[in-house]
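Here are my notes from a pass through this model. Have it open while you read.

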Amino acid sequence: MSAMGDRETSNHSEVTDFILVGFRVRAELHILLFLLFLLVYAMILLGNIGMMVIIMTDPRLNTPMYFFLGNLSFVDLFYSSVIAPKAMMNFWSESKSISFAGCVTQLFLFALFIVTEGFLLAAMAYDRFIAICNPLLYSVQMSARLCVQLVAASYFCGCVSSVLQTIMTFTLSFCASRTIDHFYCDDRPLQRISCSDLYIHKMISFFLCSIIILPTIIVIIVSYIYIVSTVLKIRSTEGRKKVFSTCSSHLGVVSVLYGAIIFMYFIPDRFPELSKVASLCYTLVTPMLNPLIYSLRNKDVKEALRKILRKKLGLFNSILTENRIK
């Protein structure tokens, strides 16, 4: 038994890098996938950076809702940036390798930001609940102090969860293989190449996922149940239509995110290729959609964007006029 333990420790210490298999498709499709990833990532950068700039530059957007949206854009931008650049590089790489330290960093940062996003979505649902169901008390209940505390708590929960998940994953022995059948370092694909006893690891992972996902889902569902019941009491058809449109788009994004995460971490791990597709939903698709769904359909944001564009256009025209005069 001792010899086996020594051998596993030795094998674990010998792992200096991993190989990310990525998508098992024909070589000629790699260019198409690269272009698709590049397009989506460019939209993520443009949408989320643009959203943060608009929120920070327009004083009218200095409200709790936009404070949460700004943080959501920040989180979306960073956790997609942890995944997408490396995945795109591997489409052109022969080795497709990632260092052990790089793999640890990727898993830690991804877990940090994805968990933070879940808590931010719950905080945003609570914010909308107060705004729609208790509008007269909104400014009192959603104080600046509470908003900062909710965001700080989201990051704190993400950090604690990420530290625990990363430590648990990389104390496993990887003596079976260095080849990760995924396009980034994640807990489940790393479990497949471990020769350690995974029973306790899986139980703790399931417990962590449960205490993160279930409370946030409950807050979101309960908040929107109250919102819908309040909206149904609105006599104005136009008012009901506007709120339902906003709520349905928000719930659509939440459903995509949580549906993919539940499939990835709660369903038995029998279909690696389907897991990769599910992972795409929350690593690239959701960060791309969030600025569109949460913000660019919003009248205040569109007005702020038009104001910035008019200002930039006016500055450009004045420079052209000065050059003509010279």
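1. Start with Thr283. Leaving aside residues up to four places away in sequence, Thr283 touches Tyr79, Ser80, Ile83, Phe110, Phe183 and Tyr184 (contact means heavy atoms within 4.5 Å). Before going further: this is a predicted model, where local features need pLDDT of at least 70 and side-chain atom pairs count only at pLDDT 80 or more, while totals for chains, interfaces and linings use all residues. Residues are numbered from 1 along each chain as its sequence is written, and side-chain values use heavy atoms, with hydrogens and water left out.

2. Thr283 belongs to helix α10 (residues 272-296); helices (H or I, at least four residues) and strands (E, at least two) are DSSP runs, numbered from the N terminus. With 0% relative accessibility, Thr283 counts as buried (under 20% relative accessible area; exposed is over 50%, partly exposed in between, with a 1.4 Å probe and protein chains only). A polar atom of its side chain lies 2.7 Å from the backbone oxygen of Ser279.

3. Now the nonpolar core, meaning a set of buried Ala, Val, Leu, Ile, Met, Phe, Trp, Tyr and Cys residues joined through side-chain atoms within 4.5 Å. The largest one has 72 residues, and Phe110, Leu121 and Tyr282 have the most contacts inside it. Helices supplying at least two residues each include α2 (29-57), α3 (64-92), α6 (144-170) and α10. The largest share, 15 residues, is from α4.

4. Leu121 is worth a click. Not counting residues up to four places away in sequence, Leu121 touches Leu72, Ile220, Val254, Leu257, Tyr258 and Tyr294. There is also a second, separate core of 14 residues, with Phe18, Leu172, Cys185 and Leu198 among them.

5. What about the sheet? Three strands make an open sheet with mixed pairing, in the order β2-β1-β3; two strands pair if DSSP finds at least two bridges between them. At the edges are β2 (97-99) and β3 (179-180), each with a single partner strand, so one side of each has no neighbour in the sheet. Helix α4 (residues 100-133) packs on the sheet and touches β1, β2 and β3, its direction making about 85° with that of β2 (axes are lines fitted to C-alpha atoms, for helices over the stretch in contact; angles run from 0 to 180 degrees between N-to-C directions).

6. On pairing, β1 (residues 17-20) runs antiparallel to β2 over three bridges, with Phe18 opposite Ile98. By contrast, β1 and β3 are parallel over two bridges, and Ile19 stands opposite Thr179.

Conventions: Polar contact = N/O pair within 3.5 Å; in protein donor to acceptor, adjacent residues only side chain to side chain.
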